[in-house]
Amino acid sequence: TFGIVVATTVLIFGLYIIFTAPDFNTKELYKKEATVLYDSEGNEITRIGSENRVLVTYDDLPQSLIDALVATEDSRFFQHNGFDAARFMKASVGQAMGNSNAGGASTLTMQIVKNTYTSNEASGMKGIIRKFTDIYMSIFKIEKTYTKEEIIEFYVNSQWLGNGTINYGGVYGVEQASQEYFGKSVKDLSLPESALLVGMFNNPTSFNPYNYPQNATKRRDTVLNLMVKHGYITKTECEAAKAIPIESLLVDQD
């Protein structure tokens, strides 16, 4: 009887998740993309809208940024199906034991869902429903439909990366962030610039290199260390990148 009750409860919960999960509409990721106005010669005049965003493709991204992103946010991204069970169990057990450094359980795909389609609710029944909705959508609505390269495009184009100085309406997506902080296109980023930018994904406010250079430097170095750990760069390349002051990488705010 107990087994039947448990099985029925799990079934009902699963059906609830399936039927209440929102559709994955890529337009929702960029629904506030700015309108760009050009003059008669094709030169950009200004952007209208609350989010300044320029969409890029996977091929536009430098390998250093892709490697930094995967090493930092989801080291088994190219192996799992949207849900990393081993990472989920490790993080859940660590958090249950009070280990604040246990890390998060969300994959890159799950972060896309959480940032746009569900919420950041983390406690109680709402938190449980949100987490399983993230898992369901990641596996069945994203990973079964889109390639890993497309999912990375969704992620890097939809991220908020600070309020900005040049872009007063806020910086959205890696291309606009590259222009904002380094004065160049994302395709031209160097290793230390890629590491600095990826480090901001975690907290664009606290790791803003203009406002909190020490925090940004520490976070950049953490990203570089993770790239060494997962075999993307050598220790020598890591130390060379760390030796470059972040102030020398940034465009003059004035």
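Figure 1. Leu15 belongs to helix H1, which spans residues 2–20. The structure shown here and in the views that follow is a predicted model. With a relative accessibility of 37%, Leu15 counts as partly exposed, because that class lies between the limits of 20% for buried and 50% for exposed residues.

**Figure 2. The chain as a whole.** This view sets the close-ups in context. The chain has 254 residues, of which 44% are buried. Its secondary structure consists of 11 helices and four strands. The accessible surface amounts to about 13,400 Å², and carbon and sulfur atoms account for 54% of that area. When contacts between residues at least 6 apart in sequence are considered, 61% of them join residues at least 24 apart.

**Figure 3. The crossing of helices H9 and H10.** Helix H9 comprises residues 191–200 and helix H10 comprises residues 213–229; their axes come within 8 Å and cross at roughly 110°. H9 is therefore roughly perpendicular to H10, since angles of 65 to 115 degrees fall in that class. On the H9 side, the contact is made by Leu191, Pro192, Ala195, Leu196, Val198 and Gly199. On the H10 side, Ala216, Arg219, Arg220, Val223, Leu224 and Met227 take part.

Figure 4. Thr72 is a residue of helix H3. Its relative accessible area is 16%, so Thr72 is buried. Apart from neighbours within four places in sequence, the residues in contact with Thr72 are Val198, Arg219, Val223 and Leu226. Among these, Val198 also contributes to the H9 side of the contact between H9 and H10, while Arg219 and Val223 contribute to the H10 side.

**Figure 5. The buried residues of helix H5.** Helix H5 runs over residues 108–116, and its buried residues are Leu108, Thr109, Met110, Gln111, Ile112 and Val113. These buried residues pack against four helices, namely H2 (26–29), H3 (63–73), H6 (124–143) and H7 (148–158).

Figure 6. Asp134 and Arg130 are joined through their side chains by a salt bridge, with a distance of 2.6 Å from N to O. Both residues lie in helix H6, where they are four residues apart, about one turn of the helix. An α-helix has 3.6 residues a turn, so residues three or four places apart point the same way. Both Asp134 and Arg130 are buried.

**Figure 7. Further salt bridges of the chain.** The count of salt bridges comes to nine. One of them joins Asp221 to Arg220, with the closest N and O atoms 3.2 Å apart. Asp221 has a relative accessibility of 18% and therefore counts as buried. Arg220, at 1% relative accessibility, likewise counts as buried. Elsewhere, salt bridges that share partners link Lys235, Glu239 and Lys242 into one network.

Figure 8. Asp60 lies in the loop between strand E3 (52–53) and helix H3. With a relative accessible area of 30%, Asp60 is partly exposed. Asp60 and Val186 are separated by 126 residues in sequence, but their C-alpha atoms are 7.3 Å apart in space. Apart from neighbours within four places in sequence, Asp60 is in contact with Val186 and Lys187. Lys187 in turn forms a salt bridge with Asp188, in which the closest N and O atoms are 3.6 Å apart. Asp188 is partly exposed, its relative accessible area being 43%.

**Figure 9. Asn43 in the loop between strands E1 and E2.** Asn43 is located in the loop that lies between strand E1 (35–38) and strand E2 (44–48). At 41% relative accessibility, Asn43 counts as partly exposed. Leaving aside neighbours within four places in sequence, Asn43 is in contact with Leu37 and Tyr38.

Notes: Residues are numbered from 1 along each chain as its sequence is written. This is a predicted model: local features need pLDDT of at least 70, side-chain atom pairs count only at pLDDT 80 or more; totals for chains, interfaces and linings use all residues. Side-chain values use heavy atoms; hydrogens and water are left out. Helices (H or I, at least four residues) and strands (E, at least two) are DSSP runs, numbered from the N terminus. Buried means under 20% relative accessible area, exposed over 50%, partly exposed in between (1.4 Å probe, protein chains only). Axes are lines fitted to C-alpha atoms, for helices over the stretch in contact, and angles run from 0 to 180 degrees between N-to-C directions. Angles under 35 degrees count as roughly parallel, over 145 as roughly antiparallel, 65 to 115 as roughly perpendicular and the rest as oblique. Contact means heavy atoms within 4.5 Å. Accessible areas come from the Shrake-Rupley method with a 1.4 Å probe; for residues, only the protein chains shown count as cover. A salt bridge is a side-chain nitrogen of Lys or Arg within 4 Å of a carboxyl oxygen of Asp or Glu.
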